[in-house]
Amino acid sequence: MARKTFTVGWLYPDLMNIYGDRGNILTLLKRAEWRGFDARLVELERGTTHGIEDVDVFFFGGGQDREQALVYEDLLDSKQPLLERAVAGGAGVLAVCGGYQLLGHYYLTADGDRFPGIGLIDVRTEAGKRRFIGDVVVDTDMADLHPQTLVGFENHSGRTYLGPKARPLGRVRMGFGNNGEDHTEGCLQGAILGTYLHGSLLPKNPHLADHLIRSALERRGIKDLAPLDDAAEIAAHQQILARAHRG
Amino acid sequence: MRRAAAVWAGKATGALSRISRLGGGTTLPGDVARAIDPDVLRKLSRDLKHGAVVITGTNGKTTTARLIGWLLEGAGYSVVSNRAGANLIFGATAAALERAGADGKLKVDWGVFEIDEASLERAVDEIQPRAAIVLNLFRDQLDRYGELEAIAKRIEAALRRLPDSSRAILNADDPRVAEIGMNLEQPPLWFGLDDPSVAMSGLPHAADARTCPRCGASLVFDAVYVGHDGVYRCPNGDFARPAPDLAATHIDLKGFESLAMGVSGVRIELPLGGLYNCYNALAAFAAGVTLGLDSAFIADRFRTFRAAFGRQERLDAKGRGLNLVLSKNPAGFNETLRTAVDLAGGKNFLIGLNDKKADGTDVSWIWDVDFERLRGRAQVVVPAGNRAHDLAVRLKYAGVSAAPPERDPARALDGLIEATPEGETAHLLCTYTAMLDLRAELVRRGWAKPYWDT
């Protein structure tokens, strides 16, 4: 019998990849591979949707303004309907920073221009003056996460606000999070997870990586993931927690 | 009077800083003097007999500045330069102060200043250089510098303010630098590599600036040399790499030992390794020619060059060779790894990652470095620095077996030396302050000299 596959879909790997986003991709692929899956990567550049129907987890990272403007048209014209169909079918999505903003309703610039997003998640973003930069520690109440903390690094001037359909990924213990006002960070809506955390996010949060893998595989009747030795990942996670305590 | 007071106050601060061992006295005197006379650098720069050169770009500033200084000194000129990577306006000011005389005047022929990308506008205004070099633009410390695009715009604004008599010397192989040059009124002097035999098979992960500035299409690369630097064109014909005025051909690389290349009919040989140093040597060659030096003289002088602090610095430790190579961003790290593993056949490594302000507090960039290159080839890899644990995770996901992470520089060094067989070389690839920490330990052990003496 052929090995079970696990497929990661990277949206715009050439243009939306500025914050070490490859770390998230590698973590998803390796953790599936170490469990015996045939882990595959589908790169979804502009102009291609080939293989999008096979994707278990999508990753949508951050880009510079110039690059973000370039992917925008392609996202609306060609990827959006297919992405919506995949999500309706149970595929997971991890969207970081620019990708997080683009999946929401809109981005309002400082000059009052409104750039519509694709509205897959109930969030909206407004430009802020001050850039939020630094380490972040989040306390989450997601049931299957142990430890119940997430660590990462944020670097954004957008202020994201959640609507009633989205719930926060957690509350910031250190850092600014979604908007620097309500202490929330990120959002969860169905199988879509949006966040400002990079660093990269998943390597130091292997429990979150496993959450994404497990959620996407459930639709195929796979419920349990074999445990892995996460000593190195958790040590790096703990280091950031220890710094947060020292202040 | 104000200038003399500023110069003296700056000089006193520099002396105190060195005596008290706070550091090399490389920038603090600049702060003090500029507080007394904000125009002090402008005035000192006017004293320079022949003028100045400024060098900017993400990687290679220090080496290029040092190469140009080496050429000018070899031609019998006196040179003032900001060494040891002190490349903000304060560092340049401090360097000028140190060489000023008792009358507050600078009696030196040439100034050679490496300038941080974000400080270039101010430096151009105050120094009024004869030539300005832009080496490359790679992603680097996004937490501190912001996006590449913003940096590129500031560099362009700075170059627009160059005096009419001065020349911009630009890397044609870097798409974002080329875009800057094409927007200038005065045509720049373009340099680039022309040797497909040293090209990589494709773009690395951390490639930026790879879309056409006119139509947004992804650029097609016919050759990739370093990062996103290479020979590129827009598939719609809207943009292409400018033809270099000075091109390096017939490149020959020998590990960390040396490089050789042909430029304008002369053969350059330099005791520095790595393809990235071909760009630095070519930029220095271009500057030398622009400032009136003879190309045969340049080639001859290059043969006896010595590297700057932490840039391919070689030491001996208990019968093991240590090769210190500053590696501070994805493009730089990929190149030093490529040189160490592919060209020098390196087997023993210490990788040092710090997240202090000078290194960048965001370490996510390590995921853009191709540490996979070490897999199956390195026998010793010691993850070090205050973010050694992040490195350990990165190496794990690269499939590289490594020693346990060691944050303490002394213990990391012990581990490296113990694991490195006698007679072999260990390569220490570190971010800026991780290198300072390690070097301080090497100095304590008497294996290296303090950096302000080198």
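## A walk through a two-chain model

Let us start with one helix, α15 of chain B, which covers residues 432-444. The expected span is 1.5 Å times one less than the number of residues. Helices (H or I, at least four residues) and strands (E, at least two) are DSSP runs, numbered from the N terminus.

Before going on, note that this is a predicted model: local features need pLDDT of at least 70 and side-chain atom pairs count only at pLDDT 80 or more, while totals for chains, interfaces and linings use all residues. Residues are numbered from 1 along each chain as its sequence is written, and chains are lettered from A and ligands numbered from 1 in the order in which they are written.

Which residues of α15(B) are buried? They are Ala434(B), Met435(B), Leu436(B), Asp437(B), Leu438(B), Arg439(B) and Leu442(B). After α15(B) comes Gly446(B), with a positive phi near 75 degrees.

Now step back to the domains of chain B, whose bounds come from an automatic or database domain assignment. Domain 1 is 2-194 + 268-302, and domain 2 is 311-445. Their C-alpha centres lie 29 Å apart. Where they touch, domain 1 of chain B gives 16 residues and domain 2 of chain B gives 14; residues are in contact if their C-beta atoms, placed from the backbone, lie within 7 Å. On the domain 1 side, α4 (61-74) and α7 (142-145) of chain B each supply at least two residues, and α7(B) has the largest share, three residues.

Chain B also holds an open sheet of nine strands, in the order β2-β3-β1-β4-β5-β6-β9-β10-β11, with mixed pairing. Its edge strands, β2 (79-81) and β11 (266-270) of chain B, each pair on one side only. Two strands pair if DSSP finds at least two bridges between them. Strands of a sheet pair through backbone hydrogen bonds, either parallel or antiparallel. Within this sheet, β4 (residues 131-134) and β5 (residues 167-171) of chain B run parallel, joined by four bridges, and Val134(B) has Leu170(B) in β5(B) as its bridge partner.

Chain A has an open sheet too, with six strands in the order β2-β1-β3-β4-β12-β11 and mixed pairing. At its edges are β2 (38-44) and β11 (187-189) of chain A, each pairing on one side only. β11(A) runs antiparallel to β12 (residues 192-195) of chain A, with three bridges between them. Leu188(A) stands opposite Leu193(A) in β12(A).

Finally, how many residues does each chain bring to the contact? Chain A brings 27 and chain B brings 24. On the side of chain A that touches chain B, α1 (22-33), α2 (65-88), β7 (123-139), β8 (149-162) and α5 (231-246) of chain A each supply at least two residues.

Definitions and conventions: Buried ≥ 20, exposed ≤ 12 C-beta atoms within 10 Å, placed from the backbone. Contact = placed C-beta atoms within 7 Å.
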